[in-house]
Amino acid sequence: MTPVDGQPHQGEPDGAERPAELRRLAPAGAPAGAVALVEEMALRGRPPLPPGRPRLILNMVSSADGRATLAGRSGPLSGAADRQMFHALRAAVDAVLVGAATARAERYKRLIPDARDRERRRARGLAEEPLACIVSDRLELAGVPLLAEPNAHVAILTASTSSLPERGASASSPGAGAPGAGARVEYVRRTRGGALDLPAALRELRERFGVELVLCEGGPHLARQLLAGELVDELFLTLSPLLAGDAPDGEPVSRILAGGALDPPRRLGLLQALRADSALLLRYEVLGV
């Protein structure tokens with residue numbers, strides 16, 4: 001979702017950014033840290049799984065007037081509370097799902113850069129790193145640092161029969177690339193009508209990799225596809241206290257959903273509302289049509 005210095009929320013683990021104070025608005029309560037709130041939200045307790053697929057959480061950020069990016073990036077919309085919630089969510093899930101365009105634009109790196117978060121994951125019985133799942137039609141992933149990360153386990157969801165170039169990734173399945181210092185890369189190739197079959201791909205993530213809880217970080221096209229397929233269970237939305245107006249030079253405005261209308265629209269039920277200074281962190285249940 002939100003990049004910091006060219007990547008999503010991944011500042012220095014021991015950086016000096018002061019923790020944001022989050023105040024519960026719905027239901028009302030005392031201030032709390034992001035990690036405590038995520039645990040309170042029962043992500044560790046694992047709510048019941050939907051039939052035939054993992055549970056899926058969508059995490060996005062928006063300006064008050066609906067912009068999802070400024071100058072092509074979502075980082076300018078973020079704040080300390082949003083970054084803390086981002087890291088806390090990543091630390092609680094089995095897999096992180098992202099579209100290829102977002103992975104390139106935000107230059108995805110190691111998903112859990114903080115050793116303390118990795119230790120908390122081990123204590124919860126999770127792998128040190130979530131499975132990094134990239135949705136890519138054409139495998140255009142050059143320049144994504146995550147693929148050169150030796151600690152990363154990457155699953156590429158694609159309708160393509162091709163594979164990545166050999167350099168920069170180690171092979172764990174036929175055609176995944178030659179052994180090397182990069183990420184462990186595998187492929188999920190589920191198609192329907194020549195396109196990626198997202199429901200079948202999510203089902204394979206659960207059956208093949210044991211994924212029960214997925215965090216999707218966008219981008220807007222992937223978010224819309226998942227919602228259209230009724231594959232999203234919860235939406236975490238940070239509402240940034242900014243008014244951005246139109247994009248410059250007649251560029252289309254990026255919103256948290258792109259690629260066509262949801263017809264009918266999906267209904268949401270508010271589960272929690274948090275305040276950090278003037279930002280709102282909202283958690284919704286996706287109720288369906």
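The largest cavity has a volume of about 40 Å³, taken as the space filled by probe spheres set on grid points joined across faces, edges and corners. The model is predicted, with local features needing pLDDT of at least 70 and side-chain atom pairs counting only at pLDDT 80 or more, while totals for chains, interfaces and linings use all residues. Residues are numbered from 1 along each chain as its sequence is written, and side-chain values use heavy atoms, with hydrogens and water left out.

The whole structure holds 3 cavities of 30 Å³ or more, a cavity being a set of points on a 1 Å grid over the protein atoms alone where a 1.4 Å probe fits but cannot get out, with lining residues having an atom within 4 Å of a point. Around the largest cavity stand Asn59, Met60, Asp82, Met85, Phe236, Leu237, Thr238, Leu281 and Leu282. By type, this lining comprises 6 nonpolar, 2 polar and 1 charged residues. At least two lining residues come from each of β4 (55–63), α2 (80–90), β13 (234–240) and β15 (279–288), and β13 contributes the most, with 3 residues. Helices (H or I, at least four residues) and strands (E, at least two) are DSSP runs, numbered from the N terminus.

Leu243 lies in the loop between β13 and β14 (267–276). With a relative accessible area of 74%, Leu243 is exposed (over 50%, with a 1.4 Å probe and protein chains only). Leaving aside residues up to four places away in sequence, Leu243 touches Ala64 and Asp65 (heavy atoms within 4.5 Å). Leu243 and Arg67, 176 residues apart in sequence, are 8.3 Å apart in space, C-alpha to C-alpha.

Terms used. 1 Å grid on protein atoms, 1.4 Å probe; cavity = no way out; pocket = protein on both sides within 12 Å on 5 of 7 lines; lining within 4 Å. Nonpolar A, V, L, I, M, F, W, Y, C, P; charged D, E, K, R; others polar. Buried < 20%, exposed > 50% of the residue type's maximum accessible area, 1.4 Å probe, protein only.
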